[in-house]
Amino acid sequence: MQLTSLDLTDFRSYSRLTLPVRPGITVLVGQNGQGKTNVVEAVWYLATLSSHRVPHDAALVHRGESTAIVRASFVRAGRPLQVDLEITPGKSNRARLQGQNVPRLRDLLGEVRAVLFAPEDLGLIKADPEGRRRFLDELLFEIAPRFASVKADYDRVLKQRGNLLKQMRSMRRGSSGRSVGGLDPAETASSTLEVWDQQLARYGAELLRARLHLVNRLSPHLGYSYLRVSTDEGAEQALDLPPDQRGDVDSPAEIRYRSAVLDQLGAPAGSLPATREIHDGMLEMLAAGHDEEIDRGATLTGPHRDDMEIRLHDFPAKGYASHGESWSLALALRLASYDLLRLEEGDLGDGEPILILDDVFSELDTRRRERLGRIVTTASQVLITTANDGDIPDSLEGEIHVVDVTLGAAVPRS
């Protein structure tokens, strides 16, 4: 798919911006703090309904205003696509698709497909599992949007079950527990907990299996992409391998989905247990862990505690990989996502996503910068932000469209 125009109203530093966007490579050039990232952040928000920079929407609205509006026109599968999004912190955001109101905001997921790489992605390698789970879910929702509803249901049940566990902990410590209407509150809470166990296992098994299946499909692209960004030979287009041959590449980089439920089932690496098997295994672990969960007031089993383990040379990348290797791994994860989205087009077809590189080249050494330039040249649309023209690698080929960004304005260069 391709972005053809972007209109921002009271979004970040832009009180008003209208920017036409052409196919190929567009480079937004401007000093730090001028608003380059704000432009690509708006596109990413349409794809994922989240920012890659801040956890809350308040920072997205221009100072002194209450609402930000993002309007974008695309071409997907040869058809025009119009997406409008109204962001109002403290209230429900609203969206329109082809001029029609979208009943639920998450119904927008899957319409806009993008892959973004930014300096924050180094946290995928070095930080806690939460960021890696978010990475998987964002990619999953672009490929199969229905799982956004599964995740929302899981989070709802997880929160309600957690509240009940805290109440049961209070009862156990003697701060409450008086009989109400002849019913023993401990027995009532225990019965309710079993109901929440069933609900959590139902949604958790679906989400866990979907993530596991995603990692299994992503894995060969990750190993191959790591070789491309870490070796000069791998980045050459002449050595580009078709998807069905990438699993045969001997790469030092690999990913695995780690879950206590899968460990309990004894599932071999790369396997995909049935949803019912995962459900039953999770339900059994939840029941066995009731005492500890009540003591801690938290749910200790489920996909909210899982991780995507990233390994290099058969060692955990976190704490083992060098700074340069960590950058290559983070790049490889995003490039693998890009390749997977191209293959798995989804219901609308035309699955090739918009590739966004946000202030990446300045963080890479010269060799990695040139390798990345060779790799992304063949993408149908690339959006790049950089502070200096000199950071644009010589390996980028074809027509490059430059947009000069100054505070509150983004103007295509003649």
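User: In this predicted model, is Phe315 buried, partly exposed or exposed?
Analyst: Buried means under 20% relative accessible area, and exposed means over 50%. Phe315 has a relative accessible area of 45%. That value falls in between, so Phe315 counts as partly exposed.

User: How many aromatic pairs does a search of the whole structure find?
Analyst: Phe117 and Trp327 form one of the pairs. Phe315 and Tyr320 form another. The search of the whole structure gives a total of two.

User: Is the pair of Phe117 and Trp327 stacked, tilted or edge-to-face?
Analyst: The ring centres are 5.9 Å apart. The planes stand at 75°. Planes over 60 degrees apart count as edge-to-face. The pair is therefore edge-to-face.

User: How many residues apart in sequence are the parts that this pair ties together?
Analyst: Phe117 lies in strand β8, residues 114-117. Trp327 lies in helix α9, residues 323-343. The pair ties together parts whose separation in sequence is 210 residues.

User: Is Trp327 buried or exposed?
Analyst: The cut-off for buried is under 20% relative accessible area. Trp327 has 4%, so it is within that class. For Trp327 the class is buried.

User: What kind of aromatic pair do Phe315 and Tyr320 form?
Analyst: Their rings lie 4.7 Å centre to centre. Tyr320, at 40% relative accessibility, counts as partly exposed. The angle between the planes is 20°, and planes under 30 degrees apart count as stacked. The pair is stacked.

User: How many of the 21 residues of α9 are buried?
Analyst: At 1.5 Å a residue, α9 should span 30 Å. Its end C-alpha atoms are 31 Å apart, which agrees. The helix is largely enclosed by the rest of the structure, because its buried residues number 16.

User: How many residues does helix α4 have?
Analyst: Helix α4 covers residues 146-172. It reaches 39 Å from its first C-alpha to its last, close to the 39 Å expected at 1.5 Å a residue. Just after α4, Gly174 takes a positive phi of about 85°. The residue count of α4 is 27.

User: Which residues does Leu333 touch, not counting residues up to four places away in sequence?
Analyst: Contact here means heavy atoms within 4.5 Å. By that test, Leu333 touches Leu124, Ile125, Phe135, Leu222, Ile255, Met308 and Ile310.

User: In which loop is Gln34 found?
Analyst: UniProt, in an unreviewed entry, places the feature "binding site" at positions including Gln31 and Gln34. Gln31 sits in the loop between β3 (24-29) and α1 (36-48). Gln34 is found in the loop between β3 and α1.

User: Is Gln34 buried, partly exposed or exposed?
Analyst: Beyond its neighbours within four places in sequence, Gln34 contacts Ser13, Tyr14, Val405, Thr406, Leu407 and Gly408. Its relative accessibility is 22%. Buried would need under 20%. Gln34 therefore counts as partly exposed.

User: How far apart are the C-alpha atoms of Val403 and Arg169?
Analyst: Val403 lies in strand β14, residues 400-406. It is buried, with a relative accessible area of 3%. Arg169 is 234 residues away along the chain. The C-alpha separation is 58 Å.

User: What is the phi of Arg12?
Analyst: Arg12 is in the loop between β1 (2-11) and β2 (14-20). At 16% relative accessibility it counts as buried. Its phi is positive, in a residue other than glycine. The value is near 55°.

Key:
Residues are numbered from 1 along each chain as its sequence is written. This is a predicted model: local features need pLDDT of at least 70, side-chain atom pairs count only at pLDDT 80 or more; totals for chains, interfaces and linings use all residues. Side-chain values use heavy atoms; hydrogens and water are left out. UniProt positions are given in the numbering used here, feature names are shortened, and annotations may be inferred rather than shown by experiment. Helices (H or I, at least four residues) and strands (E, at least two) are DSSP runs, numbered from the N terminus. Buried means under 20% relative accessible area, exposed over 50%, partly exposed in between (1.4 Å probe, protein chains only). The expected span of a helix is 1.5 Å times one less than its number of residues. Rings of Phe, Tyr and Trp (its six-membered ring) pair if their centres lie within 6.5 Å; planes under 30 degrees apart count as stacked, over 60 as edge-to-face and the rest as tilted.
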